[in-house]
Structures are given as C-alpha cells and as structure tokens.
Amino acid sequence: RQDYERRADDVKNKYDLKMAKLRDEMEEYRAHLIKQIEDKKDAAIKDLTGRHTKEYAEIKSYYADITATNLNLIKQLKG
C-alpha cells in the first residue's frame, strides 16, 4: 500500500511540475501576444495622430486664407 501511495505521489508531483511549467509557458506566450497587440495599437495611434495633426494644419491654413481674403475684400469695399 505504501508503495502505491508513493507512486501516486510521484505521479501527482510529476504532473504538478508539468502543469506549472506549461502554465508558465502559456503565461509568457500571453504576455508576448499582449505586447505585440499593444505595440500595434501604439503604432496605429501614432500614425493617426500624425495624420490628424497634418490635416488640422491644412484646415487651419485654408480658413486663415479665407479670412485674410475676406478682410482684404472688406478693406477694398470700404476704401
């Protein structure tokens, strides 16, 4: 009976170690995937921010030109 209990304990310990190792590997893999996703997300945000900044500057310039043209027109019509 003690022999069977010892074997059962050995088997249990063996599979506990395997399970712990597998759990650690899967946790590492999960962390790696999360890092990849976060890097991809950060790159997309950076790209989007850059494009929006450029487009905002173009819109601002467009309306500044319209305002300047309108002010010149008003000056001409007054004078």
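Me: Is Glu27 buried, partly exposed or exposed?
Reply: Glu27 is partly exposed, with a relative accessible area of 41%. Buried is under 20%, exposed is over 50% and partly exposed lies in between, using a 1.4 Å probe and protein chains only. This is a predicted model, where local features need pLDDT of at least 70 and side-chain atom pairs need 80 or more, while totals for chains, interfaces and linings use all residues. Residues are numbered from 1 along each chain as its sequence is written, and side-chain values use heavy atoms, leaving out hydrogens and water.

Me: Which residue forms a salt bridge with Glu27?
Reply: Arg30 does, with the closest N and O atoms 2.5 Å apart. A salt bridge here is a side-chain nitrogen of Lys or Arg within 4 Å of a carboxyl oxygen of Asp or Glu.

Me: And how far apart are Arg30 and Glu27 in helix α1?
Reply: They sit three residues apart, about one helical turn. Helices are DSSP runs of H or I with at least four residues, strands are E runs of at least two, and both are numbered from the N terminus.

Me: How many salt bridges does a search of the whole structure find?
Reply: Seven. Asp3, Arg6, Arg7 and Asp10 are linked in a network of them.

Me: Switching topic, what's the radius of gyration of the protein chain?
Reply: The chain has one helix and zero strands. Its radius of gyration is 34 Å, well over the 12 Å from the globule rule for 79 residues, so the chain is more spread out than a compact globule. That radius is taken over C-alpha atoms, and the rule is 2.2 Å times the number of residues to the power 0.38.
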